[in-house]
Amino acid sequence: MSKVQAYIGLGSNLGESVAILRSALAQLATHSAVNALNVSRLYRSLPIGPQDQPDYYNAVAGFESSLPAPELLTLLLEIER
């Protein structure tokens, strides 16, 4: 199966956000259908809307995948859980 380039946005503002994002990226990196993972640095930003919540940590990841879009979405949702 051919590979496609995929880009995803990551974000968290609950719990240990940095650890959560690093764990998600580690899970993605070890999947057999994911190659050439590149990740931006983490960005910290203020929440939009109600300000009585923690700051967000965000990043973007780009990678090659041999998974069809529905299966890639399923993988990403499993990692998110």
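Me: Which residues in α2 are buried?
Reply: In this predicted model, where local features need pLDDT of at least 70, side-chain atom pairs count only at pLDDT 80 or more, and totals for chains, interfaces and linings use all residues, the buried residues of α2 include Leu72, Leu75 and Ile79. Buried means under 20% relative accessible area, exposed over 50%, and partly exposed in between, with a 1.4 Å probe and protein chains only.

Me: Where do they sit around the helix axis?
Reply: Viewed down the axis of α2, the buried residues fall within an arc of 60 degrees, so they line one face of the helix; the arc is taken from the directions from the helix axis to the C-beta atoms.

Me: And which exposed residues are on the face turned away?
Reply: That face of α2 carries Pro70 and Glu80, which are exposed.

Me: Switching to strands, how many bridges join β1 to β4?
Reply: Nine bridges join these antiparallel strands, and Gln5 stands opposite Glu64 in β4. Strands pair if DSSP finds at least two bridges between them.

Me: How many join β2 to β4?
Reply: Four bridges join β2 to β4, again running antiparallel, with Val39 opposite Ala61 in β4.

Key:
Residues numbered from 1 in each chain as written. Heavy atoms only, no water. Helix = DSSP H or I, 4+ residues; strand = E, 2+ residues; numbered from the N terminus.
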